[in-house]
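Please brief me on this structure, in plain terms and grouped by topic. The sequence and model are shown here.

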Amino acid sequence: MAADLESEVQAIDKSLLECSAEEIAVKWLQANDLQKEVYQHLAYYVPKIYCRGPNPAPQREDMLAQHVLLGPMEWYLCGEDPAFGFPKLEQANKPSHLCGRVFKVGEPTYSCRDCAVDPTCVLCMECFLGSIHREHRYRMTTSGGGGFCDCGDTEAWKEGPYCQKHELNTSETAEEEDPLVHLPEDMVARAYNIFAITFKYAVDILTWEKENELPGLEMIEKSDTYYCMLFNDEVHTYEQVIYTLQKAVNCTQKEAIGFATTVDRDGRRSVRYGDFQYCDQAKSVIVRNTSRQTKPLKVQVMHSSIVAHQSFGLKLLTWLGSVIGYSDGLRRILCQVGLQEGPDGENSSLVDKLMLYDSKLWKGARNVYHQLFMSSLLMDLKYKKLFAIRFARNYERLQSDFMKDDHDREFSIADLSIQIFTVPSLMGWYNMCINPYFLKKARMLITEENLMTTIIKTFMDHLRHRDIQGRFQFERYTALQAFKFRRVQSLILDLKYVLISKPTEWSDDLRRKFLEGFDAFLELLKCMQGMDPITRQVGQHIEMEPEWEAAFTLQMKLTLVISMMQDWCALDEKVLIEAYKKCLTVLMQCHSGFTDGEQPIVLSMCGHSVETIRYCVSQEKVSIHLPVSRLLAGLHVLLSKTEVAYKFPELLPLSELSPPMLIEHPLRCLVLCAQVHAGMWRRNGFSLVNQIYYYHNVKCRREMFDKDIVMLQTGVSMMDPNHFLMIMLSRFELYQIFSTPDYGKRFSTENTNKDVVQQNNTLIEEMLYLIIMIVGERFSPGIGQVNTTDEIKREIIHQLSIRPMAHSELVKALPEDENRETGMESVIEEVACFKKPGLTGRGLYELKPECAKNFNLYFYHFSRAEQSKVLHLIGMALQEEKQHLENLSEENVVTFTFTQKISKPGEAPSNSPSILAMLETLQNAPHLEVHKDMIRWILKTFNTIKKLRESSSSSPVAETEGNIMEESSRDKDKAERKRKAEIARLRREKIMAQMSEMQRHFINENKELFQQTLEELDTSASGVHENSPVILDAKLTALGPEQTRVAEPRQVVMCILCQEEQEVKVDSRAMVLAAFIQRSTVLSKNRNKITPDPEKYDPLFMHPDLSCGTHTGSCGHIMHAHCWQRYFDAVQAKEQRRQQRLRVHTSYDVENGEFLCPLCECLSNTVIPLLPPPRVLFNRLDFSGQPNLTQWIKTLSQQVQAIQLLRNEHCASHSGHSEKMDQLQLPEGFRPDFKLKNPYSESIKEMLTTFGTATYKVGLKVHPNEEDPRVPIMCWGSCAYTIQTIERILADEDKPLFGHLPCRQDDCLMSLTRFAAAHWTVSSLSAVQGHFCTLLASLVPNEKNGNLPCILDIDMFHLLVSLVLSFPAIHCQDFSGVSLGTGDLHLFHLVTMAHIIQILLTSSTEENGMDQENTNSEEEVAVLTLYKFLCQCTGSALKEISSGWHLWRNLKAGIMPFLRCSALFFHYLNGVPAPSEIQVNGANQFEHLCSYLSLPNNLTCLFQENGEILNTLIESWCSNSEVKRYLEGKRHAISYARESNKLIDLPDDYSCLINQASNFSCPKSGGDKSRAPTLCLVCGTMLCSQSYCCQTELEGEDVGACTAHTYTCGSGVGIFLRVRECQVLFLAGKTKGCFYPPPYLDDYGETDQGLRRGNPLHLCKERFKKIQKLWQQHSITEEIGHAQEANQTLVGIDWQHL
Ligand SMILES: [Zn+2]
Ligand SMILES: [Zn+2]
Ligand SMILES: [Zn+2]
Ligand SMILES: [Zn+2]
Ligand SMILES: [Zn+2]
Ligand SMILES: [Zn+2]
Ligand SMILES: [Zn+2]
């Protein structure tokens, strides 16, 4: 069946391929009715090519379509072979200066903060790198897809609009030239023809709605086949769709995932192919299954011909886009065709049709035609404008469609449970508007199409729900309305774009249209004025929090637009005056002349009286939303700033201004805030608190709080201050208290309600504070004589007075303008110093000390500070008076007489003391200690002013005046100093508080560090290392018969759990170290190695590629074994209880034996027992007549032989005695029947087994089995591997071998080595003996062990460790008098020699490379001789080298790591302290190492000394067939020294990575862009993370690409960079993960996780090194553990899906 189909397809393909494009084109050229010809051609061929079966075959389809369909069109267009035609076109083309590159998803884009007209003007990477902006302050973002490069657009850039590539030739004029002149006339005609036909065809078919008919095409298909087409929606989740599909169309889960992925990406996908009924059945199942809770999934049964033509329609659009790329002339023709009005009049052009059909198209189709629009209409200077007009005309309709359409919401990959990273949407009409070329060119559209008004009206139309006063009412919004509201907000963005480029010249037309738009805008604001009114709740608490967010969202979104409106008004005097008038009128309308129907009353006090209305904030409705009042305030300030008020006072409606009306509503709002602070509105719940918060918040305050203050300042400046004060008292509801004589006294005696007293006190304070602000805040332009720079400077000074801040924090604390700029950079240098960040943390700005004098405790953007406001106010008044006096000129009289007033006794309560007198008494009041300085300062200033007044009234005497001035300046100084001291004190307090906070934080952040300190304390207290013997001057030898004897100190340690001390002894209770074992590939030289089946794998020999090792680490904390056991049992029990209760995850996996160190919470999965040096126990000291290597090997071989015979015998023993047993002659003193008594206590033995089994389990990934003979091998391996990793770290950091290890590593290595050496005592003796025999046989061959790895394939250090540690199992039965030390030494020498041969064989020495000194030293001669011998042995296959110098150099370098590892190993094994020379870096390290290891400096001497046996051995090694194959170049081998592994190199500029990632497409879904491209920092592979497409199955579970990768690349541990998010990801196993700050910093020393700020990022090498070190130290898992402990939400993330 399948084969039939296949052959049928091939037959069709063949017939299709026989078509000749040229012939068809010729036919077309001669045709009378071209359209008919073409349509016939398409009707016949399209269904043959597309959709022949259930699944599309894009490659085949593309190939055939190109040949049969597009080929003829190209021939026709060119009139010749397009292979010649197109290049000709390209050559003749005068290319446009616009780049216009359309961005791919995730591609980096750049915007210049200095030169871009607005932040939406962006450059592609190529243009950016060739532009002047790379030297400017720029911002980098990743494109959501769909925008395009603005290079070459002179209107987008204030400077440097062209990059080098798009630079204008000076000879050319920028002005338009018709591109059609570059095309031959006949071609123009042909292009019109073919474009018109194809474009119309594509538009018709894409917008076609009938199911069984085609537009203007015949249905030639006789056999009706159908597709069941599934469409995308944003309602159903991936999983729902997958599940439904499996049911409905009977597919596998994998297929269903495939369908769902395509539907999500392209917007539709056929899920079934067949006859109508077959498809319809699937449709009904899908609809039924998805309609239960929500609206059903959209499914349509479509005729296969329609689907085929639609596929080709899309192909055609893409083709058109690429064809016009050859010539600007063709582009223009296409634009003309597209915008030509059709027969149906208005909106009938092809472009209109597509636009208006947009919301009905599926995603994939939208995407294709949007791209075409961008590469055609928007790239043509003339048609761009025409298109903009079309767009503006259709604006309302398009927006309504958009409102109904459910696409374009942010996709949620909901079931990945990682909502924290949402992926921005890729498609949708709206995205095109976000970067709309034409909206930015909006002035033309404002005048010609009245766009501003249209946008605002459209917006208002969609928010129809109003209250009786016509104000917006969000309270009763349904979910749908709320959804609409969210969508409609995008209109505000459009409004912003319209306003973003401000006019330089105003035409009358523009004025008129702008003011028309302003009218519409005022209508909008009018609907907001007074919305969401609130009434104070008394008695009961409110039941439901009222909706408040919608109103604030609107306000927040509009904030910038309101500011921009004011900016526009400020540009033209006429506009400003008109706008001001309009605004005032609307304000009057809002409040029906301000009274809102309230009763007028008269207030009188101290001889003043004022008329106002009866109104109480605490009793009547009040609203925070007063945008009309605030806009008026803004405009009013502009009147004075632009000096319009002085130039044209007659044009302003000044007579209509009623100051009490102006201040009324803002004042109510501020009183509301005061009352909330005084606790009067507690019962109104959190919604009110939130509103008050936002009212003051930096996001809103510019057009809310700030403007209210401005309005009050404006009002007061026009009023009698006494009147103002009385109105204010009345609104604060304090009028009674202040106007009634003795009210205060009565009040305090009669009314004992403390709350009310407190309330009133707060209200009074709040009122005073408000007065301070009104009088003192004169730092906005138009109010005081300052400019914007002064304003921002003051803002920054006050922010930094709180504490030093990072750049991003400061940016957040400052209001941003429409270009997302705060203006901070221009002033920051003047007021602050930048402090660079260290390895953690970020760069900080610190206030310059000289700026501290500008600090004002009552700065109005600070939150409430509990300080004495009265004193401050008095102080301000005095300052003011003093200034007046000091600036006194002859004729002026200072009318500001504050000093007089405060020295007069009070009037109202008669004979009350003057303020001054009161202050004097207060001076020494003990309860006012805090304010003492302030009071003193006020009194001082008062005196100064008094003196000033006296001196100015009397005739000035030069001398005295001088004195006074001096004194006053001295006073000033003193005051200044006092004030500074005060500031300093405040700061100190803050710092102290911060310090303790930071300390806590620091401890948390740097647990590791603290552990170490704790540890050091621990160890020094318990005195482990204290008493290490110091052996001076003696030559220290680590092993062998010459080994330096050291008396092992008593080792007393303390248990962290029970605090008891105990000595580490063979027969006492075991003490253990918390430890963590993990598989590791950190040293791997071969990451592609396939992991063998762990059940069958034999780990006896480690391959020198070290592809997978077992690493053991420890935090160094010591416990009793039994204490730990109890602790672990408790953890386990607790975990079980917890899991029963609720499914909580922990950072550790108890079932896998994991726990956290009880002291430092370090992740651990086992414990290592502490042991005394184990060698001492088995070493029978007898130094007389030790055998040399040759003799020793002979004896050993005999012993091995005996053992092997015995073992065979043992196996065969059931069948009685054999002959061999009789033949066996036991070597002298060898007693194979001897059983050693295990010297260790039971508890130690138990721990030996525990740790051994854990190593085995983790290292091999198998179930624990303490009997398995591989257990001891894994223990030796882990010891060797861990030593190797530490040696590498030390070498990489250029640190000496000893003396620099942190305690925890020192302790860990010591116990690990001693444990590994003791482990054989708890394993099967014969197994260990067997291992030893095999290991030895790899170097000393015997007949028994064939088929061992050749010496090229053995890691010699692993071999050494295994041999040395298994040797006692044989030696314990040897009573011939040979010491263990002798054995160790011979084994060491033997392995060293093998390693030397290994190095020489694989040496890649290049003789010519290096300058050599012709020394011909003894070593060089010897090594050359050895090499020549090797050549002989290998049959001269070895490369010929004649330079001994090179060989020796190479050998020394190659063997160094091995010697260093060996030194560490024997040091920990035998406890011989390291000679001081190798504890520091210095000369002759090699010689010192050799001496410590009992090696001759000239290593080749080893061979000479043991020539007898070595020649035989070398010959046997070289005769291995693998060695031959290697030398013949047939295989690869590791050469030495192995280089250390590093993380990959990262580029300095982060955008390189973004670019790299944007070019990366998902490897599984054929060229699709990956949504979360993620880079493995270990091997450099880019992965498609966090996506269904790249999930794979791992151990029966679906895992994401990253997790899957960790298993091959890092044996479960991974370090990644999520490129889009600029975030480092650590993964360990399937359940553990955390994020880590990326090693990229901006110029302010901050990381940008999530790439939200977009500052240029550069690699911080130190931070990257730190990450690398974490990796090399195997601390990734530990880091994750700490992160998860600190942040529980990390535990809940499904890391395996990444
Ligand atoms: Zn570009
Ligand atoms: Zn360019
Ligand atoms: Zn620039
Ligand atoms: Zn204990
Ligand atoms: Zn610990
Ligand atoms: Zn993928
Ligand atoms: Zn990797």
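The structure is a predicted model, in which local features need pLDDT of at least 70, side-chain atom pairs count only at pLDDT 80 or more, and totals for chains, interfaces and linings use all residues. Residues are numbered from 1 along each chain as its sequence is written, chains are lettered from A and ligands numbered from 1 in the order in which they are written, and side-chain values use heavy atoms, with hydrogens and water left out.

- Donors are N, O and S atoms within 2.8 Å of the metal (3.2 Å for Na, K and Ca).
- Cys-1055 is buried, with a relative accessible area of 0%, whereas Cys-1058 is partly exposed at 32%. Buried means under 20% relative accessible area, exposed over 50%, and partly exposed in between, with a 1.4 Å probe and protein chains only.

**Zinc site of ligand 2**

- Cys-127 bridges the zinc ion (ligand 2) and the zinc ion (ligand 1), which lie 4.2 Å apart.
- Cys-127 and Cys-151 are both buried.

**Helices α4 and α7**

- The axes of helix α4 (residues 58–78) and α7 come within 8 Å and cross at roughly 150 degrees. Helices are DSSP runs of H or I with at least four residues, and strands are runs of E with at least two. Axes are lines fitted to C-alpha atoms, for helices over the stretch in contact, with angles from 0 to 180 degrees between N-to-C directions.
- That crossing makes α4 roughly antiparallel to α7 (an angle over 145 degrees).
- Met-73 and Tyr-76 are among the α4 residues that meet α7, where the residues met include Met-187 and Arg-190 (contact means heavy atoms within 4.5 Å).

**Five-stranded sheet**

- An open sheet of five strands runs in the order β18-β17-β21-β22-β23, with antiparallel pairing. Two strands pair if DSSP finds at least two bridges between them.
- β18 (1582–1584) and β23 (1632–1636) stand at the edges with a single partner strand each, so one side of each has no neighbour in the sheet.

Definitions and conventions: Parallel < 35°, antiparallel > 145°, perpendicular 65-115°, else oblique.
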